[in-house]
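Visitor: I would like a quick tour of this model. Please give the criteria along with the values.

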Amino acid sequence: MNDLLPVLAQQVINGLSLGSIYALIAIGYTMVYGIIGMINFAHGEIYMIGAYVGVVTITALGAASGAMPLALVLSGALIIAVVVTAAYGWTVERVAYRPLRGSPRLVPLISAIGMSIFLQNYVQLGQGARDISVPPLLPGNLFEIDVEGFPVSLSLTRALIIFATLALMIALTLYISRSRMGRACRACSQDMGMANLLGIDTNRVISFTFVVGAILAAVGGVLIGLSIGKINPFIGFVAGIKAFTAAVLGGIGSIPGAMLGGVLLGLTETFASAFLPTEYKDVVAFGLLVLILLFRPTGLLGTPDVEKV
Amino acid sequence: MKSLKTACMAALLTAVLTLPLLGAHLVVNGLSTTLVVNLWPVGIAVLLVFVAQLLDLKARLGAITQALPTVSLSSASFSRHIRLWLAVVLVAALIFPFVASRGAVDVATYALTYVMLGLGLNIVVGFAGLLDLGYVAFYAVGAYSYALLSQYFGLSFWVCLPIGGLFAATFGILLGFPVLRLRGDYLAIVTLGFGEIIRLVLNNWDSLTHGPDGINGIARPTVFGLELNRRASPGGTTLHEFFGIPFDSLYAVIALYLIALLLVILTLFIINRLVRMPVGRAWEALREDEIACRSLGLNPTLIKLSAFALGACFAGLAGAFYASRLGTITPESFTFIESAVVLAIVVLGGMGSQIGVILAALLLTVLPELARSFSEYRMLIFGLVMVLMMIWRPQGLMPATRPRLELPTAEEAHQ
């Protein structure tokens with residue numbers, strides 16, 4: 001029983017950083033779902049593209065001048081990844097979803113699956129299917145303490161993930177609740193037709209949703225690359241389903257729900273992999289998704305969906 | 001002038017999008033990663049997008065696709081000759097393996113497996129309107145039940161085939177019973193999660209499934225009790241010994257093709273009977289309007305469950321055949337991509353249209369085999385086709401004609 005406490009503490013730290021990434025991606029799912037009621041199946045690939053653009057930028061900046069300050073490389077990678085990935089988010093919506101407004105529910109979903117397959121294979125063609133290693137930009141720990149003889153540490157990368165997520169969540173919450181665009185978003189998620197009648201450019205709002213989702217996913221992608229140290233074109237698929245699980249867990253359509261769901265899923269998964277064989281951690285996440293959808297499809301913070309005839 | 005401006009903007013956007021992913025290639029040498037810049041693909045992509053935008057290619061191609069004739073399978077002339085057509089196709093399919101090359105027969109067998117999968121998924125997606133993204137799970141269940149039963153108990157293919165189908169159907173019912181209450185898109189994600197769970201369990205349950213190594217040396221099917229191998233197993237007789245002819249591995253290829261053909265015909269027969277029965281009518285009614293069905297006293301869960309289980313059953317049969325054909329299976333054969341390919345077949349053919357699904361399955365399996373040099377673009381094109389089909393022709397290449405009856409308008413009623 002002696003070593004339980006440090007293991008627990010370490011798992012909480014790991015779970016929080018993993019959960020932060022899930023939360024970042026989950027917001028993209030939840031915002032899109034809240035506004036147009038579709039599952040943006042290609043969102044996981046957007047996150048993967050963010051990770052790739054980040055690594056390409058880091059490598060390019062690292063090669064351009066050997067001794068560039070670390071903060072500059074990191075913020076450069078983040079900014080470029082965010083810009084390019086946001087452009088992907090916007091384009092995907094424009095090309096694959098906008099022409100399908102008003103079609104039956106399954107039509108945009110199939111289009112999204114097609115887009116997801118397309119993007120995955122597109123990156124595979126451009127960058128190869130093998131693992132790409134990410135240069136360790138932030139080695140070392142923020143702190144390492146001794147709990148009853150066992151070290152518990154928070155690495156700098158993990159700390160960055162947690163703090164960046166926290167900052168972005170606060171910024172997003174403020175933006176959605178205070179700004180003009182945020183108000184338009186909330187109006188659209190309540191009643192798209194009415195918002196349109198009242199002079200809100202709904203197409204712009206929808207594009208904005210996709211762009212915000214892509215920005216957050218890009219940040220998540222760059223940071224996970226740094227944290228895990230390698231990426232491949234297939235990371236988006238599993239991360240996408242897990243983030244969707246997080247969004248459903250918190251209540252799809254609800255932004256605080258996505259944050260809560262992400263953190264809860266991250267914690268569940270790290271604890272599961274600490275006490276079960278690691279191969280089964282994905283099974284735990286998928287199983288959790290099935291269970292929530294069966295027993296509480298509205299999630300923790302969601303509002304019940306009233307079916308109108 | 002406006003189109004020139006849009007084209008320039010689109011080209012610029014393409015440059016931004018493709019530059020980091022196609023233009024700069026990450027190369028790993030040992031521990032260090034370097035960038036190799038190659039601007040050719042970016043230039044090609046930019047040019048393509050520019051020209052396509054300038055000519056408004058998307059709208060033009062869309063118009064052409066939409067204008068493609070809709071083959072109406074219920075038209076009088078067609079149904080009058082349907083028996084003749086079926087006979088011609090059947091005779092051609094029967095003669096085919098004896099005249100075609102060995103490679104062609106192999107590809108045809110492979111394609112027929114997908115025809116079966118496509119027809120099975122068509123029940124779920126096309127007739128019942130339930131999006132199942134984990135269809136490959138049932139395929140895996142069928143394949144593994146045959147492989148394991150034949151390894152551990154030495155059961156023959158013909159005994160295991162129905163067992164594989166029943167196992168898969170049971171899994172379908174077990175999964176379907178709780179999840180079919182969910183709305184369409186949630187159902188899609190849950191089935192996807194279920195498909196992944198099955199694959200992960202197969203991958204990690206080493207003691208039963210040998211994990212990632214899979215199962216090797218699965219017995220081939222027998223033909224009326226005759227084996228297709230060079231040497232007979234103890235107590236068995238091989239085909240060539242029985243007829244007193246020299247051994248040729250081509251016999252096995254032809255026999256497998258004929259078994260696949262038999263399975264496809266069986267599938268078609270069962271499905272065609274079922275869609276004319278009340279349960280088949282109920283599937284389509286449910287797809288069109290669930291609330292109306294409920295008000296008419298149909299039990300949506302039971303009807304969905306029957307479609308789900310039947311689709312799973314055909315996937316199980318196809319899986320058992322797949323395992324016996326290849327002789328070796330690994331969990332890697334049952335990834336999400338397989339589900340997506342089968343879904344693409346159903347979508348491309350036209351949801352609910354059986355002839356469309358058969359043609360799409362042949363198209364999507366034979367074309368990549370013919371164009372081997374394009375094989376790395378195969379999935380890329382699949383994805384693109386799925387998106388474009390949804391935009392241009394969501395009803396598929398050969399849409400199913402849906403029974404419909406419209407109330408006459410006021411003027412027509414008065415005439």
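Visitor: How far apart do the C-alpha centres of domain 1 of chain B and domain 2 of chain B lie?

Guide: They lie 40 Å apart. Domain 1 covers 2–49 of chain B, and domain 2 covers 77–392. The bounds come from an automatic or database domain assignment. This is a predicted model: local features need pLDDT of at least 70, side-chain atom pairs count only at pLDDT 80 or more, and totals for chains, interfaces and linings use all residues. Residues are numbered from 1 along each chain as its sequence is written, while chains are lettered from A and ligands numbered from 1 in the order in which they are written.

Visitor: Why is α3(A) called oblique to α8(A)?

Guide: The axes of α3 (residues 70–97) and α8 (residues 202–228) of chain A cross at roughly 140° and come within 7 Å. Axes are lines fitted to C-alpha atoms, for helices over the stretch in contact, and angles run from 0 to 180 degrees between N-to-C directions. Under 35 degrees is roughly parallel, over 145 roughly antiparallel, 65 to 115 roughly perpendicular, and the rest oblique. Therefore α3(A) is oblique to α8(A). The crossing is right-handed, the term for a near helix turned clockwise from the far one by less than a right angle.

Visitor: What makes up the contact of α3(A) with α8(A), by class?

Guide: It has 17 nonpolar, 5 polar and 1 charged residues. Ala, Val, Leu, Ile, Met, Phe, Trp, Tyr, Cys and Pro count as nonpolar, Asp, Glu, Lys and Arg as charged, and the others, Gly among them, as polar. A:Trp90 and A:Glu93 of α3(A) are among the contact residues, as are A:Phe210 and A:Gly213 of α8(A).

Visitor: How many residues of chain B are in contact with chain A, and what counts as contact?

Guide: 46 residues of chain B are in contact with 53 of chain A. The test is C-beta atoms, placed from the backbone, within 7 Å. α9(B) gives the largest share of chain B's side, 14 residues. By class, that side has 36 nonpolar, 7 polar and 3 charged residues.

Visitor: How do you know which residues of chain B are listed as "transmembrane region"?

Guide: UniProt, in an unreviewed entry, places that feature at spans including 39–57 and 302–322 of chain B. Such annotations may be inferred rather than shown by experiment.

Visitor: What is the helix content of residues 302–322 of chain B?

Guide: The span is 100% helix and 0% strand, with end C-alpha atoms 30 Å apart. Helices (H or I, at least four residues) and strands (E, at least two) are DSSP runs, numbered from the N terminus. Residues 39–57 of chain B are 84% helix, and their end C-alpha atoms lie 24 Å apart.

Definitions and conventions:
Contact = placed C-beta atoms within 7 Å.
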